[in-house]
Amino acid sequence: MSNTTITVTEFVLHCVINADQKSATISILALIYLLSLFGNLLVIAVIVMNSQLHAPMYLYIGTLAVIDLANSSVLIPKMLSVLLLDSSVVPFGACVLQMFVVFHVEEMESLLLLFMALDRYIAVVYPLRYPSVITNKTVWTGVIALNIFGIIFKSPYIFFTTELSFCHSNILPYCFCDYATMVHVACNEDPKYLMYLSAACLTTGVLPLILILFSYSRIALAALKISSVEGKRKVFSTCLTHLLVVGLFYIPLMLSYILPGAGVKLSTESYNTMVIVGNVVPPMMNPLIYSFRNKEIKSNIQRLFTKKHDTLSEKQS
């Protein structure tokens with residue numbers, strides 16, 4: 001095979017999905033996107049419109065909804081177009097931008113879930129210190145700092161993609177622009193391109209997960225010391241809710257990174273499926289798990305729709 005480097009100004013995305021599953025995949029993705037849009041926009045609207053919800057935990061939930069909205073909107077419409085057309089041509093710059101944004105929202109979600117775990121840890125283990133330590137100001141400062149850190153931390157990816165040379169193909173067997181797939185398609189053999197990715201996964205993926213699990217284990221131990229049965233039930237219910245969100249986000253993505261590194265050969269379709277599930281399912285489920293199980297948010301949503309129903313009834317009468 002020729003090793004002549006070709007100048008790449010665009011990539012061709014080719015999402016590897018079995019032909020007999022393509023129609024079902026398109027329908028499911030479209031439904032997930034609509035539910036994600038509706039759920040996350042509703043959560044954002046309810047939190048913005050109600051001043052009593054302008055408190056640290058609700059600000060975290062609202063920020064998570066914004067991240068999930070961005071994640072769904074960056075990924076699903078493009079995946080649908082790739083699947084409907086069998087392949088899709090993407091300019092080099094647009095592909096790098098999508099890759100960067102996907103990395104950014106994944107990293108932001110990972111670190112935000114860590115912040116939310118620490119919030120619950122302080123609330124349960126150090127309840128008297130909570131009002132002074134966790135304030136709206138500290139939440140916004142943390143969110144802004146996360147974004148600045150994320151942009152700086154991921155900037156090397158942009159430089160690496162401009163260094164990659166392609167001598168075989170510009171076809172990415174993937175549903176969206178993905179850095180690791182670009183490196184595998186490229187003919188560069190320098191290990192730095194994947195070493196930085198591994199380091200980033202450990203720093204913003206594995207380490208936050210360890211801290212999250214540590215926080216919830218400490219919360220569980222503190223809950224066991226609560227004398228009130230209702231108090232214990234409330235703490236454990238909150239922990240399980242948060243851990244479900246963490247599991248939905250981390251497990252598919254971590255497996256897609258860890259299994260190939262451990263020597264387990266995954267088919268392109270299996271790899272695609274794991275990463276798609278890890279990216280598109282949490283934005284749909286998070287509003288249901290985090291928000292609609294929250295008494296305050298649920299009552300405000302009911303009030304919002306009841307008010308609209310009463311307004312319509314008054315107009316008709």
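The legends below describe close-up views of a predicted model. In this predicted model, local features need pLDDT of at least 70 and side-chain atom pairs count only at pLDDT 80 or more, while totals for chains, interfaces and linings use all residues. Residues are numbered from 1 along each chain as its sequence is written, and side-chain values use heavy atoms, with hydrogens and water left out.

View 1. S36 is found in helix α1, which spans residues 22-49. Helices here are DSSP runs of H or I with at least four residues, strands are runs of E with at least two, and both are numbered from the N terminus. S36 counts as buried because its relative accessibility is 1%; buried means under 20% relative accessible area, exposed over 50%, and partly exposed in between, with a 1.4 Å probe and protein chains only. The side chain of S36 reaches the backbone nitrogen of M284 at 3.3 Å. Neighbours within four places in sequence aside, S36 is in contact (heavy atoms within 4.5 Å) with L41, L69, S72, V280, P283 and M284.

**View 2. Segments annotated as transmembrane region.** The unreviewed UniProt entry gives the annotation "transmembrane region" to residues 28-51, 57-76, 83-105, 111-128, 140-160, 193-214, 235-259 and 271-292. UniProt positions follow the numbering used here, feature names are shortened, and annotations may be inferred rather than shown by experiment. In the model, residues 140-160 are 100% helix and 0% strand, with end C-alpha atoms 31 Å apart. Residues 193-214 are likewise 100% helix and 0% strand, and their end C-alpha atoms lie 31 Å apart.

**View 3. Salt bridge between K154 and E107.** A salt bridge is a side-chain nitrogen of Lys or Arg within 4 Å of a carboxyl oxygen of Asp or Glu; by this rule the count comes to three. The side chains of K154 and E107 meet in one of them, at 3.3 Å from N to O. This pair links distant parts of the chain, with K154 in helix α5 (residues 136-163) and E107 in helix α3 (residues 92-125), 47 residues apart. K154 is buried, with a relative accessible area of 1%. E107 is also buried, at 5%. Not counting residues up to four places away in sequence, E107 touches F149, G150, F153, K154 and T204.

**View 4. Salt bridge between D119 and R120.** D119 forms a salt bridge with R120, and the closest N and O atoms are 2.7 Å apart. D119 counts as buried, at 0% relative accessibility.

**View 5. Salt bridge between E163 and K192.** The side chains of E163 and K192 meet in a salt bridge at 3.0 Å, N to O. Distant parts of the chain are linked by this pair: E163 is in helix α5 and K192 in helix α7 (residues 192-224), 29 residues apart. E163 is partly exposed, with a relative accessible area of 38%. K192 counts as partly exposed too, at 32%.

View 6. W140, I144, I148 and I152 make a nonpolar surface patch of about 430 Å². Patches are made of residues with over 30% relative accessible area and no salt bridge; like charges are joined within 9 Å, and nonpolar side chains (Val, Leu, Ile, Met, Phe, Trp, Tyr) within 5 Å. Accessible areas come from the Shrake-Rupley method with a 1.4 Å probe, and for residues only the protein chains shown count as cover. I148 lies in helix α5 and counts as partly exposed, at 47% relative accessibility.

Methods:
Polar contact = N/O pair within 3.5 Å; in protein donor to acceptor, adjacent residues only side chain to side chain.
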